[in-house]
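Subject: Structure handover

Hi,

Here is the structure for you to look through. My notes follow below it.

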Amino acid sequence: FSEEIIALREQNRPIRLFYSETTAINIKDYMTEGFKLYEDLFFEGMPLGFATKNIIQKQDNSNWDVIVVYRNAYVTDAEFAALQHYLNQGGTVILDSHNSLALNEYGQSRQQKLTASKGKLLVLNTNSIKQISQAALAEVNPVNKPAVLVSEDNGQAHKTTMWRVVEQAQGKYLVNILNVGHNTAKLDLSLANGQAFKALDLMTGNAVNKQFNLASEQVLLLEISTH
């Protein structure tokens, strides 16, 4: 399944989390706390990416829909300028609070504030990961949201099943599903547009019901067909 794996790997990442080495140097729990936001978004059916100054400057900005700035108080002037340039070009930036980007690498206050310009700037003023995640998901272009949805019941308050979707020709979708939790998950497949479909396990050639159980660490590679 090399072609299928490559197709899954080469998906665009509509949500980018801003990473600043400057903040990482100044805040010892930067990566630990940032991982909590990454984890919350990881189980929403879309691949995630990161944005740094170099990524913003050197990559095609149309490859993502929104940059989320979370717990990034310390940034260099060059990092700040990269985010402002992205907004100037029509990009969308979400800040967790007004304290984001407020200091330079030496801890000195920055007088400049990001401005929306031609883009969209959202300042949430919250430390709630759930609120930040929901705001980021709301900014994703509908064409970049997963066409196949997976709802789960694993007996816990948090999700443990990740899935990724690649649209293929003739009304088909490639879906990779993995349960990374300790418990068996009860899953329910559906299409975002409400269409009827058939599911085929590509590794066994067997049909799959839209409702099924997925054991801990079990992985599936499915073909979803609407015809």
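Start with Gln84, which is buried, because its relative accessibility is 13% and the cut-off for buried is under 20%. Keep in mind that this is a predicted model.

Where does Gln84 sit? Its place is in helix H5, which covers residues 77–88. Which residues does Gln84 touch, apart from neighbours within four places in sequence? They are Lys113, Leu114, Thr115 and Ser117. Look at Thr115 again. Its backbone nitrogen lies 2.9 Å from a polar atom of the Gln84 side chain.

Now compare Gln84 with Arg9. The two are 75 residues apart in sequence. From C-alpha to C-alpha, Gln84 and Arg9 are 29 Å apart in space.

Next, the strands. Strand S3 spans residues 66–69. Val66 and Val68 point one way from S3. Ile67 and Val69 point the other way. All four of these residues are buried.

S3 has a partner in strand S1, residues 15–18. S1 and S3 pair in the parallel sense, over 3 bridges. Find Leu17: this residue stands opposite Val68 in S3.

S3 also pairs with strand S4, residues 92–95. S3 and S4 run parallel and are joined by 3 bridges. Here Val69 has Leu95 in S4 as its bridge partner.

How does the chain get from S3 to S4? The chain crosses through H5, in a β-α-β crossover that is right-handed.

Best wishes

Terms used: Residues are numbered from 1 along each chain as its sequence is written. This is a predicted model: local features need pLDDT of at least 70, side-chain atom pairs count only at pLDDT 80 or more; totals for chains, interfaces and linings use all residues. Side-chain values use heavy atoms; hydrogens and water are left out. Helices (H or I, at least four residues) and strands (E, at least two) are DSSP runs, numbered from the N terminus. Buried means under 20% relative accessible area, exposed over 50%, partly exposed in between (1.4 Å probe, protein chains only). Contact means heavy atoms within 4.5 Å. A polar contact is a pair of N or O atoms within 3.5 Å; within protein, one must be able to donate a hydrogen and the other to accept it, and residues adjacent in sequence count only if both atoms are side-chain atoms. Two strands pair if DSSP finds at least two bridges between them. A crossover is right-handed if, with the strands pointing away from the viewer, the path from the first strand over the helix to the second runs clockwise.
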